[in-house]
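Take a walk through this structure, one part at a time. Keep the sequence and the 3D view side by side.

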Amino acid sequence: MKKILVVDDSALMRRVLCDIIDSDGRFRVVDRAANGLEALELLSRNSYDAVVLDVNMPKMNGLQLLKELRKRKISARIVMASTDTREGAQTTLDALDLGALDFVHKPDSVLECKKSLFKDRLLQILEAATESRMPVFTKSFSMEEARSAKKMVDLVSKHAGKVAGSKIVAVASSTGGPKALHAVIPRLPAKLGAPVVIVQHMPAGFTASLAERLNTLCELTVKEAAEGDVLEPGKVYIAMGGKHLNIRASGGRHVISYSDERPREGVKPCANYMYESLADCRYDMVLCVVMTGMGADGTKGITHLKNKKKIHVIAQNEDSCAVYGMPKNIVNSGLADQVVPLEQIAQEILMNVGVM
């Protein structure tokens, strides 16, 4: 049974979270804290399989606790409980940079927290957090590293050259994905010979902040994909949280189209929709990249796509994944053409699609 620490300044919310966690036989809440200071004391003395951490708390908030844990080199698998405000989204991304593994969107209402949508998501993320083997504290991708990576990209670009035919890069990622994307997208050149479309499992309100943050690190333009966006080489489009992204041909161009079906594979957006929609596209080749994440999203979509189009599939290797779920299913299904560590994915994308 996995031992969990719950940290929240609301006694009622602590009770709700504890009830949900204890209802699953795999987990047991063994300690509770009302603020970061109390949590720091507990984490200094005890070890837990995962910690559910609120952001806004008195005395020491969630971000301050993460910084202190990093400073003291105290390892903990952190799941953030985040709000969906713009400020909350930025704070969540800060928390992921500081070492949090994933986050769950915490509804404002306690009644909403008791519904199955929140309950199922919390338990799913806890499962991923307790099974993750990645180091808790990994270095974030800085502007300096982005410049250093560009030198590598320039070198690879000379060898990559132009690759014949029209191409698109379609990326799927989940738990650990935001940090993984920060290690891949800034390494791609502005003259990349294909558009990049990304489905990162995130709820509505968070993907715009992720796109804005990546855009500050990249030579390419990174944006949250909007309905009707025309796909252009050298640009990155991140699927909007809370909707399913599809790509359709329109008048000789390819455009973004959203649909509002129920969650699939337990997530919305779901990468399967993106890959399935590409089966009817006019691209000569689709480069599928499946990175860290729990579950099997992407496998059915790529299987369908392979029957219709020329594709090349890159899967992130196990050792560099925060959670080896989605890439594992790609590999086990025999779909992977390459299995590479995270730091090599940008190079392989470049070699496969070339530059303009």
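Strand 3 (residues 50-54) and strand 4 (residues 78-82) run parallel, and four bridges join them. Pick out Val52: its bridge partner in strand 4 is Val79. This is a predicted model, so local features need a pLDDT of at least 70.

Now widen the view. The two strands belong to an open sheet of five strands, paired in parallel in the order 2-1-3-4-5. Which strands stand at the edges? They are strand 2 (27-33) and strand 5 (102-105). Each has a single partner strand, so one side of each is left without a neighbour in the sheet. On average, neighbouring strands are turned by 25° against each other, direction ignored.

Helices pack on this sheet. Helix 1 (residues 11-22) touches strand 1 (2-7), strand 2 and strand 3. The direction of helix 1 makes about 160° with that of strand 2. Helix 3 lies across strand 3 and strand 4. Against strand 3, helix 3 runs at about 140°.

Follow helix 3 (residues 62-72) from its start. There, a side-chain oxygen of Asn61 comes to within 3.1 Å of the backbone nitrogen of Leu63. Along the helix, the buried residues are Gly62, Leu63, Leu65, Leu66, Glu68 and Leu69. An α-helix has 3.6 residues a turn, so residues three or four places apart point the same way. After helix 3 comes Lys73, with a positive phi near 55°.

Next, turn to helix 4 (residues 86-97), which holds Thr92. Is Thr92 buried or exposed? Its relative accessible area is 1%, so Thr92 is buried. Beyond its neighbours within four places in sequence, Thr92 is in contact with Ser82, Phe103 and Phe206. With Ser82 there is also a polar contact of 2.8 Å, side chain to side chain. Ala81 is eleven residues from Thr92 in sequence, and their C-alpha atoms are 8.6 Å apart.

Last, look at the nonpolar interior. In soluble globular proteins, nonpolar side chains tend to be buried together. Here the largest nonpolar core has 63 residues, and Ile185 and Ile349 touch the most other members. Helix 13 (residues 345-353) gives the largest share of this core, five residues. Setting aside neighbours within four places in sequence, Ile185 is in contact with Ile198, Leu214, Cys218, Leu220, Val222 and Val236. A second core, of 31 residues, is separate. Among its members are Ala225, Leu245, Tyr258 and Cys288.

Methods: Residues numbered from 1 in each chain as written. Predicted model: local features only at pLDDT ≥ 70, side-chain atom pairs only at ≥ 80, totals over all residues. Heavy atoms only, no water. Core = buried A, V, L, I, M, F, W, Y, C linked by side-chain atoms within 4.5 Å. Buried < 20%, exposed > 50% of the residue type's maximum accessible area, 1.4 Å probe, protein only. Contact = heavy atoms within 4.5 Å. Polar contact = N/O pair within 3.5 Å; in protein donor to acceptor, adjacent residues only side chain to side chain. Pairing = 2+ DSSP bridges. Axes fitted to C-alpha atoms, helices over the stretch in contact; angles between N-to-C directions.
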